[in-house]
Amino acid sequence: MHAWLCETLDGADALRWQALPMPQPQPGEVRIAVKAASLNFPDLLIVQGKYQFKPPLPFVPGAEYAGTVDAVGEGVKHLRVGMPVAAIAGTGGFGTHACVDASRVLPLPPGFAIDDGAAFAFTYGTSHHALIDRAQLKSGETVLVLGAAGGVGTAALQIAKAAGAKVIAAASSDEKCALCMQLGADATLNYSTQDVRATLKTLTDGKGPDVVYDPVGGDLAEPVFRAIAWRGRYLVIGFAGGGIPALPWNLALLKGASVVGVFWGDFVKREPKASAAALAQLAQWYAQGLIKPVIDQRLPMSELRAAYTRMGSRQVRGKLLLVNP
Ligand SMILES: NC(=O)c1ccc[n+]([C@@H]2O[C@H](COP(=O)([O-])OP(=O)(O)OC[C@H]3O[C@@H](n4cnc5c(N)ncnc54)[C@H](OP(=O)(O)O)[C@@H]3O)[C@@H](O)[C@H]2O)c1
């Protein structure tokens with residue numbers, strides 16, 4: 001087998017594509033022949049030691065992947081050799097094979113494409129937990145999605161539409177905004193060129209968005225929070241822009257608004273039944289054609305460094321896949 005090995009926390013340039021002994025699954029584990037892995041923003045952070053989860057060195061990065069089970073460890077009952085599966089494992093996906101705890105493996109339902117399985121649970125799970133669970137989004141409400149052309153952003157846009165909401169998709173270029181319109185957004189906001197507060201006022205008849213989905217953070221947060229509707233919910237998803245915003249709390253008072261934290265990884269661990277129910281609803285929406293991962297590019301697994309560069313320079317639209325032949 002081959003895999004990208006992270007031996008020092010010096011970023012993607014320090015990763016090495018190495019031949020490794022084929023791993024054998026331990027009790028409770030399965031081995032997966034990886035067909036595709038997707039890149040998530042935390043994959044950029046973890047190889048720099050900047051993510052909240054810090055695996056011991058050396059490790060193989062790649063939080064999310066899909067393929068077929070090719071060996072089953074002792075005690076695993078619900079997975080068999082040959083089954084198509086997706087894994088949310090935190091690490092291990094950027095290679096040809098990976099051993100993983102069976103509890104982190106989801107069998108793919110019939111009709112679920114393996115490439116889509118590699119690009120699904122992380123982003124759609126996060127966005128479903130955020131919008132449906134944490135924000136209690138109601139049909140007819142208006143959602144503003146920041147970074148709407150990115151991984152979690154495209155998932156949030158599709159989920160908000162599936163839930164009957166109106167979506168304002170916000171992104172940093174006209175090209176990204178055009179993609180969001182193709183994906184069903186009702187309106188767009190280019191935050192590189194347009195006045196954020198004035199545009200949101202016009203687009204919502206002065207009322208403001210009911211829910212804000214923010215995976216970007218930085219300087220955008222305050223003008224957006226100032227535009228939020230009465231009883232608005234501001235979802236704190238992440239800080240891809242780099243800066244962690246600090247807000248004057250009087251703004252929350254004046255709008256009767258809530259700042260709502262979202263941590264999907266802990267939600268899955270702490271509330272496994274609720275997480276399984278959310279994934280079941282997402283699988284149903286997928287089968288109905290209401291949601292589908294937007295694939296930016298499929299790069300060979302050997303081109304992982306180019307994939308990291310593309311994500312780090314804000315070029316990815318939807319999800320970037322690394323595929324094995
Ligand atoms: N809370 C949770 O449970 C959870 C779960 C999953 C992910 N996340 C977080 O969500 C964020 C997005 O993850 P993702 O996988 O969707 O990433 P992504 O596909 O790269 O999307 C991030 C978006 O952020 C915007 N952005 C602004 N400044 C950026 C910069 N300097 N570098 C890169 N992007 C920048 C970009 O949109 P524009 O160019 O349009 O601005 C980009 O499309 C990350 O912070 C991640 O850690 C949180």
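# A tour of the pockets, ligand and backbone

Begin with the lining of the second largest pocket, which by class has 15 nonpolar, 2 polar and 1 charged residues; here Ala, Val, Leu, Ile, Met, Phe, Trp, Tyr, Cys and Pro count as nonpolar, Asp, Glu, Lys and Arg as charged, and the others, Gly among them, as polar. The model is predicted, and local features need pLDDT of at least 70, side-chain atom pairs count only at pLDDT 80 or more, and totals for chains, interfaces and linings use all residues. Residues are numbered from 1 along each chain as its sequence is written, and side-chain values use heavy atoms, with hydrogens and water left out.

**The pocket.** The volume of the second largest pocket is about 240 Å³. Select Val236, Pro245, Ala246, Leu247 and Val259, which are the closest to the pocket centre among its 18 lining residues. Next colour α7 (221–227), β12 (233–236) and α8 (250–255), the elements that each give two or more residues to this lining. Helices (H or I, at least four residues) and strands (E, at least two) are DSSP runs, numbered from the N terminus. On a 1 Å grid over the protein atoms alone, a pocket is an open set of points where a 1.4 Å probe fits, with protein on both sides within 12 Å along at least five of seven lines, and lining residues have an atom within 4 Å of a point. Grid points are joined across faces, edges and corners, and the volume is the space filled by probe spheres set on the points.

**The ligand.** Now select the ligand, which 26 residues surround (a heavy atom within 4 Å), the closest being Gly151, Ser172, Lys176, Tyr191 and Trp264. Which residues hold polar contacts (pairs of N or O atoms within 3.5 Å) with the ligand? Among them, Ser172 has a side-chain N or O atom 2.6 Å from a ligand oxygen, a polar side-chain atom of Arg314 lies 2.9 Å from a ligand oxygen, and a polar backbone atom of Ala240 is 3.4 Å from a ligand nitrogen. Taken alone the ligand exposes 900 Å², of which the protein buries 91% (Shrake-Rupley method, 1.4 Å probe). The shell around the ligand divides into 15 nonpolar, 9 polar and 2 charged residues.

Move to Trp4 in strand β1 (residues 2–5) and Trp17 in strand β2 (residues 16–19), 13 residues apart. Their ring centres are 5.6 Å apart and their planes at 45°, so the pair is tilted; rings of Phe, Tyr and Trp (its six-membered ring) pair if their centres lie within 6.5 Å, with planes under 30 degrees apart stacked, over 60 edge-to-face and the rest tilted.

**The backbone.** Finally, find the cis peptide bond that joins Leu57 and Pro58, with omega about -10°. Gln136, in the loop between α3 and β8 (142–145), has a positive phi near 50°.

Definitions and conventions: A polar contact is a pair of N or O atoms within 3.5 Å; within protein, one must be able to donate a hydrogen and the other to accept it, and residues adjacent in sequence count only if both atoms are side-chain atoms.
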